[in-house]
Amino acid sequence: MFRILAIGIETFSGILVVFFMLALFQILIEKDKVSIEHKIVTFIYTFFVVAIFAATGVPSFHSLHFDVTINYIPFCNVVGNFIQYLLNLILFVPFGFLLPTLWTKYQTSKRTIFTGFGLSLLIEISQLFCYRTTDIDDLIMNTLGTSLGFMLFKIFSKKKPELIKEICLTEDVSNDKIIKLEGTILFVIIILVMFFIQPAIANKIWSIIL
């Protein structure tokens with residue numbers, strides 16, 4: 001129960017800042033150049049990415065500590081870790097679904113799954129610096145979760161093609177190169193906020209609760 005509360009606080013303290021910065025980006029840069037549907041779903045996507053970072057316990061700038069604990073052997077305790085495997089799978093399903101929903105360049109399985117793998121690998125490497133175990137099982141299950149999310153996207157896009165068209169940011173939506181880099185800019189913002197700013201907000205919330 002405490003772990004759920006901790007993840008909730010970590011996520012909330014992150015989205016407070018990231019949502020504010022995303023709103024500024026949409027108001028000042030995107031304006032009316034992208035659909036309202038795309039803007040709304042971008043907030044949903046942002047929430048899930050922040051939640052991934054919060055749930056996986058990536059390090060912050062003041063908690064860095066090199067500690068090599070690595071599990072190289074896949075699925076060495078399937079029964080004991082079954083719930084953890086399932087949670088790692090579910091955690092990345094929204095990522096695999098929303099990535100191609102928001103941006104056409106991710107509407108190929110290869111690119112989306114590789115991006116999910118890359119995000120999971122980044123998280124696992126970062127866990128070498130925060131007293132957590134870098135685990136091959138997490139990498140596998142996160143990638144499978146991304147794959148499942150992409151499969152759900154393909155099913156949904158066939159049933160609701162017009163909705164996907166409204167939401168998705170196409171390559172030629174604008175001549176504005178900044179808008180075309182929206183996904184990359186958003187990801188960089190999330191990383192910077194979670195590494196530098198979110199810990200201070202989370203600590204403040206904990207001090208109020210406790």
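The chain exposes about 11,600 Å² of accessible area, of which carbon and sulfur atoms supply 72%; such areas come from the Shrake-Rupley method with a 1.4 Å probe, and for residues only the protein chains shown count as cover. The model is predicted, so local features need pLDDT of at least 70 and side-chain atom pairs count only at pLDDT 80 or more, whereas totals for chains, interfaces and linings use all residues. Residues are numbered from 1 along each chain as its sequence is written, and side-chain values use heavy atoms, with hydrogens and water left out.

Eight helices and two strands are present in the chain, in the order α-α-β-α-α-β-α-α-α-α from the N terminus. These elements are DSSP runs numbered from the N terminus, helices being H or I of at least four residues and strands E of at least two. The radius of gyration is 18 Å, close to the 17 Å that the globule rule gives for 210 residues, so the chain is as compact as a globular protein of that length. This radius is taken over C-alpha atoms, and the rule is 2.2 Å times the number of residues to the power 0.38. Along the principal axes, the C-alpha atoms fill a box of roughly 45 × 40 × 30 Å. Of the 210 residues, 42% are buried (under 20% relative accessible area, with exposed over 50% and partly exposed in between; 1.4 Å probe, protein chains only). Among contacts (heavy atoms within 4.5 Å) between residues at least 6 apart in sequence, 83% join residues at least 24 apart.

A search of the whole structure finds 16 aromatic pairs. In one of them, the ring centres of Tyr45 and Trp103 lie 5.3 Å apart with the planes at 85 degrees, so the arrangement is edge-to-face. Rings of Phe, Tyr and Trp (its six-membered ring) pair if their centres lie within 6.5 Å; planes under 30 degrees apart count as stacked, over 60 as edge-to-face and the rest as tilted. This pair links distant parts of the chain, since Tyr45 belongs to helix α2 (residues 36–56) and Trp103 to the loop between α3 (82–102) and α4 (109–126), 58 residues apart. Tyr45 is buried at 5% relative accessibility, and Trp103 is buried at 4%. The rings of Phe97 and Phe153 also form an edge-to-face pair, with centres 6.5 Å apart and planes at 75 degrees. Phe97 in helix α3 and Phe153 in helix α5 (residues 136–159) are 56 residues apart, and Phe153 is buried at 3% relative accessibility.

On the surface, a nonpolar patch with about 1,100 Å² of accessible area together includes Leu64, Phe66, Ile70, Phe114, Phe117 and Phe129. Patches are made of residues with over 30% relative accessible area and no salt bridge, like charges being joined within 9 Å and nonpolar side chains (Val, Leu, Ile, Met, Phe, Trp, Tyr) within 5 Å; a salt bridge is a side-chain nitrogen of Lys or Arg within 4 Å of a carboxyl oxygen of Asp or Glu. Helix α4 contributes the largest share of the patch, four residues. Phe117 is found in this helix and is partly exposed at 32% relative accessibility.

Phe47, in helix α2, is likewise partly exposed, at 33% relative accessibility. Not counting residues up to four places away in sequence, Phe47 touches Thr11, Ile15 and Phe19. The C-alpha atoms of Phe47 and Ile190 are separated by 9.9 Å, although these residues are 143 apart along the chain.
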